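Me: I am new to this one and would like to learn how to read it. Could you walk me through a few features, step by step?

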Amino acid sequence: MDYKIGRVLISKKEIHNKVKELGEAIRRDHEGETVICVCILKGAFIFCSDLVREIGADVDVRVDFMRISSYGMSDKSSGEVNIVNDVSSDVKGKHVIIVEDIYETGLSLEFAKKHLEDLGAKSVDICVIFDKPNRHEHEVYVKYKGLDIPDDFVIGYGLDYASKFRDLKELHIAEPVTK
């Protein structure tokens, strides 16, 4: 099945306002501290970029990247999580915030959190911009939670289908292409 851009679910302005709110919350909680924001690639790179600029200078923000996969070229999770690229920073004894695009089943978030804790992080919190509460299979505490969305297949603001549509400034419903 192939997909096309459907209606706007969340506007650019709504996303911007929520990212600003999340950045302010992280700044309040970590003022004067060093924090490593671990961006989960590829979907969260736009969100992470916007978020770290909103956190501000009162927090020493470092950025690292981790690429994990449970989807491949599908619109459904395979149920298995694999590390494609691990963090390059030494997170031992550090405050870490996982920056992820979407909380669906929770499998990837649970996996990443445990992995970073196993590497010795002092604390591991989670920040997501979109949440599909009806899809949760693994309950994971998300300290910095963005916007709830329905259980639709979505694209834009970093989220893709087969590497397409990440560049959209809004979050859209992905519509199946009918022939």
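This is a predicted model: local features need pLDDT of at least 70, side-chain atom pairs count only at pLDDT 80 or more; totals for chains, interfaces and linings use all residues.

Me: What joins L41 and K42?

Reply: The general idea is that most peptide bonds are trans. Here, a cis peptide bond joins L41 and K42, with omega at about 5°.

Me: And how do I read phi? What is the phi of S163?

Reply: Most residues other than glycine have a negative phi. S163 is not a glycine, yet its phi is positive, about 70°. S163 is placed in the loop between β8 (154-155) and β9. F165 is found in the loop between β8 and β9 too, and its phi is positive at about 80°, although F165 is not a glycine.

Me: Is F165 buried or exposed?

Reply: The cut-off to keep in mind is that buried means under 20% relative accessible area. F165 has 15%, so F165 is buried.

Me: Let me try that with S108. Where is S108, and what is S108 in contact with?

Reply: S108 sits in helix α3, which covers residues 107-118. Because its relative accessibility is 16%, S108 counts as buried. Leaving aside neighbours within four places in sequence, its contacts are I68, S70 and V81.

Me: Now a strand. Which strand holds D60, and which residues does D60 contact?

Reply: D60 lies in strand β3, residues 60-69. With 31% relative accessibility, D60 counts as partly exposed. Beyond neighbours within four places in sequence, D60 is in contact with E33, T34 and V35. There is also a polar contact, 2.6 Å, between the side chains of D60 and R62. For a sense of distance, D60 and H30 are 30 residues apart in sequence and 8.8 Å apart in space, C-alpha to C-alpha.

Me: V35 came up there. Is V35 buried or exposed?

Reply: V35, found in strand β2, has a relative accessible area of 1%, so V35 is buried.

Me: How many residues does the largest nonpolar core have?

Reply: The largest nonpolar core has 29 residues, and F47, L51, I97, C127, F130 and L171 have the most contacts inside it. Elements giving two or more residues to this core include α1, β2 (34-41) and β5 (95-103). The most comes from α1, with five residues.

Me: What does F130 touch?

Reply: Setting aside residues up to four places away in sequence, F130 touches I10, I15, D101, I102, Y103, L147, I149, Y157, L159 and L171. A second, separate core of 21 residues includes V81, Y103, L107 and I126.

Me: Last topic, pockets. What lines the second largest pocket?

Reply: Rolling a probe the size of a water molecule over the atoms shows where empty space is left. The second largest pocket has a volume of about 200 Å³ and is lined by 13 residues, with K12, I15, I46, D50 and Y157 nearest its centre. Both α1 (12-30) and α2 (45-55) supply at least two residues of that lining.

Me: How many of the lining residues are charged?

Reply: The lining of the second largest pocket has seven charged residues, along with five nonpolar and one polar.

Technical notes: Residues are numbered from 1 along each chain as its sequence is written. Side-chain values use heavy atoms; hydrogens and water are left out. On a 1 Å grid over the protein atoms alone, a cavity is a set of points where a 1.4 Å probe fits but cannot get out, and a pocket is an open set with protein on both sides within 12 Å along at least five of seven lines; lining residues have an atom within 4 Å of a point. Grid points are joined across faces, edges and corners, and a volume is the space filled by probe spheres set on the points. Helices (H or I, at least four residues) and strands (E, at least two) are DSSP runs, numbered from the N terminus. Ala, Val, Leu, Ile, Met, Phe, Trp, Tyr, Cys and Pro count as nonpolar, Asp, Glu, Lys and Arg as charged, and the others, Gly among them, as polar. Buried means under 20% relative accessible area, exposed over 50%, partly exposed in between (1.4 Å probe, protein chains only). Contact means heavy atoms within 4.5 Å. A nonpolar core is a set of buried Ala, Val, Leu, Ile, Met, Phe, Trp, Tyr and Cys residues joined through side-chain atoms within 4.5 Å. A polar contact is a pair of N or O atoms within 3.5 Å; within protein, one must be able to donate a hydrogen and the other to accept it, and residues adjacent in sequence count only if both atoms are side-chain atoms.
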